[in-house]
Amino acid sequence: MVTPFNQPPPELGNTYHHDPVLRPWLERVFARELLESVEPSLARMGELAGEELYPLSLEDLPNEPVLTRWDAWGERIDHIELTRLWQRAEQIAAEEGVVATAYEAKHGALSRVHQFALVYLFGPSSDVYACPLAMTDGCARSLLDAKNDALADQILPHLLSRDPGEFWTSGQWMTESPGGSDVGLSETVARQDENGQWRLTGRKWFTSAATSQVALTLARPEGNPEGGRGLALFLVKARDEQGRLINIRLERLKDKLGTRKLPTAELWLDDTPAELVLGTTDGVKNITPMLNITRTWNTVIAAGGMRRAVTLARDYAKKRFAFGQNLEDKPLHIETLANMEAETAAAFHLSFEVVQLLGKKEAGEISPEEMKVWRLLTPIAKLTTGKQAVAVASEALEAIGGAGYVEDTGLPMLLRDAQTLPIWEGTTNVLSLDSLRAIGHTGGARELLTRIEACVGGASGDDALEDAGRAAVDAMMRALTWLAEAQAAGQDTLEAGARGFALTLGRSTALACMVRQAVYSSAHDDARPRAAAIRFARIGVNCLKPTDLEEARLLIG
Ligand code: MFK
């Protein structure tokens, strides 16, 4: 019997130790003693992610959460059985403080960086358990920002617990059938019963994980006006002591393209008791702390997912022999992988720029200029990395060839899960328009240009790196010129070009951050960040394109 050839599969190992970007970045940003103190937790997470969770995720591939609505005797139970990996991920998330690290704040403003480094490592191995963690973080932030001490005292000890037995996650039940993006159209009604208890009634069309113990949600108190201002922000304690849902019916789990381990659901609130978080109006405004946190998670998860895709494609290229050579020795394959690596490094730098600003904001160390940049860069980073994540995941599958398209390799999941990143937490277009509104409201574009100029300032003396820095500044300046012209031309022109504008801001900021890292790393005997910056500049950061609305209308009929 002839033994057929079996291709060794791509492997990961410890994802912290093997990451080419994270550690050099941390070395630049953290003092040596601080790095020494956080590094054991990152190395542990790298080991858990690469050596325990990744193999478990492959074993767990065929399994999905199962909703059982009724028990054998007709009792409505709405029980969701989670996959094995999700059960393990919950323990790890609590014990390793994937949410708590940010709030324990042991390292001041850099605590957010430490936390999001954990997220970056944990996310790609979590089968999207990162989603309820993102919501949990967003809920904690919202309760603190609302200064609702009563709710915070009751709920935060659970959301921030490192004891898996005590740990709770929060959901975000915002999306309703008329208002996925235009949340102000929400139909859920709030009324107070005779005891003054608020009760919510309505259909939540697309929730985050329906297994969470609490959720932030929006509802319109009876008599309130239409629109986002007439909504109020509520916290729902979804379950009683026995874990049964309280006046909530789980209608179905959503049948999605990806994120299939994540039990997103459609549910009915039926006189569901709820607590006001902050006043009886301005619900959309009051939930924005959650949106900004979950968008930051989305950004970091995108960067982490890209790193996972590139790592697998890179390892495969080492092992795969074809046409007389391993793929890693083939010029066109090397070029392809290098472009993916440059995009991935860019996503990382953009993500952690936002994370750093968030950390400063929460520690009360942010300047007014940085505050404007943070508000603008949060949606910009989310939309930029969301698009990159899909492109890189798709390229990784192609780099692995037919096996990348076969389900039991686990690789198709990379692409399907990436596809949610530009959709949830605000689509690319919605966030492009949000960026324009942020500029209209608080400014930030000029401050971002100043920041980009400062980032690239150190490149002088290195011609190629200087050119890369100039490309970032030029693109940003062109974007500002476009903005002024579009504002003068009118709202239609502004909106039609908003995506090109937003992506240009995202990519030029990423490039500037890469140049700053390259200057540091080149001085510390690491030439890779310089190569990544130069390559990313060559791929291009200016996404401004002329728009023609009349022609576009004609085309779409
Ligand atoms: C495929 C698998 C999917 C799995 C899904 C699982 C998770 C599902 C969970 C979800 O439901 S994801 C939900 C995603 N939905 C969104 O992210 C909503 C996207 N839409 C927006 O972000 C809109 O821009 C927005 C709803 C905010 C617009 O609503 P409005 O009512 O037109 O609000 P407006 O007037 O823009 O803003 C109201 C106030 O909030 C303003 O302040 P003022 O009242 O002082 O003027 C804004 O400045 C402020 N604001 C808005 N966005 C802000 C913000 N402030 C800070 N940060 C922001 N990001």
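**Helix packing, buried residues and cysteines**

In α5, the residues R112, V113, F116, A117 and Y120 meet F348, F352, V355, Q356, L358, G359 and E362 of α9. The contact comprises 8 nonpolar, 2 polar and 2 charged residues. The model is predicted. Helix α5 covers residues 111-122, and helix α9 covers residues 331-362. Their axes come within 8 Å and cross at roughly 145°. The crossing of α5 past α9 is right-handed.

A residue of a further helix touches both partners. V300 is found in helix α8, residues 283-319. Its contacts, not counting residues up to four places away in sequence, are F116, V119, Y120, S351, F352 and V355. F116 and Y120 also belong to the α5 side of the contact with α9. F352 and V355 belong to the α9 side. V300 has a relative accessible area of 0%, and therefore counts as buried. The C-alpha atoms of V300 and G123 are 8.5 Å apart in space. In sequence, V300 and G123 are 177 residues apart.

The loops on either side of α5 were examined next. A105 is found in the loop between α4 (100-104) and α5. A105 is not a glycine, yet has a positive phi of about 50°. Most residues other than glycine have a negative phi. The relative accessible area of A105 is 40%, so A105 is partly exposed. V128 lies in the loop between α5 and α6 (130-145). V128 counts as buried, because its relative accessibility is 14%. With residues up to four places away in sequence left out, V128 touches W86, T259, L262, D417 and W424. One of these contacts, D417, is 289 residues from V128 along the chain. The C-alpha atoms of V128 and D417 are separated by 8.0 Å.

The protein is divided into two domains: domain 1 spans 170-283 and domain 2 spans 428-555. Their centres, taken over C-alpha atoms, are separated by 38 Å. Two of the residues touched by V128, T259 and L262, fall within the 170-283 bounds of domain 1.

N247 lies between β7 (232-237) and β8 (248-253). N247 has a phi of about 50° although it is not a glycine. N247 is partly exposed, with a relative accessible area of 36%.

Helix α16, residues 498-522, carries V515. V515 has 0% relative accessibility, so V515 counts as buried. Leaving aside neighbours within four places in sequence, V515 is in contact with V456, A459, L465, A468, G469 and A533. The C-alpha atoms of V515 and I534 are separated by 8.2 Å. Along the chain, V515 and I534 are 19 residues apart.

S521 also lies in helix α16. At 1% relative accessibility, S521 is counted as buried. S521 touches P24, D526 and P529, with residues up to four places away in sequence not counted.

The cysteines were then considered. The structure holds 0 disulfides. C513 is in no disulfide, and the nearest cysteine sulfur, that of C455, is 4.6 Å away. A disulfide requires two cysteine sulfur atoms within 2.5 Å. C513 is buried, because its relative accessibility is 1%. For C543, the closest cysteine sulfur is that of C513. The two sulfurs are 16 Å apart, which is too far for a bond. C543 has 17% relative accessibility, so C543 counts as buried.

Terms used. Residues are numbered from 1 along each chain as its sequence is written. This is a predicted model: local features need pLDDT of at least 70, side-chain atom pairs count only at pLDDT 80 or more; totals for chains, interfaces and linings use all residues. Side-chain values use heavy atoms; hydrogens and water are left out. Domain bounds come from an automatic or database domain assignment. Buried means under 20% relative accessible area, exposed over 50%, partly exposed in between (1.4 Å probe, protein chains only). Axes are lines fitted to C-alpha atoms, for helices over the stretch in contact, and angles run from 0 to 180 degrees between N-to-C directions. Helices (H or I, at least four residues) and strands (E, at least two) are DSSP runs, numbered from the N terminus. A crossing is left-handed if the near helix is turned anticlockwise from the far one by less than a right angle, and right-handed if clockwise. Contact means heavy atoms within 4.5 Å. Ala, Val, Leu, Ile, Met, Phe, Trp, Tyr, Cys and Pro count as nonpolar, Asp, Glu, Lys and Arg as charged, and the others, Gly among them, as polar.
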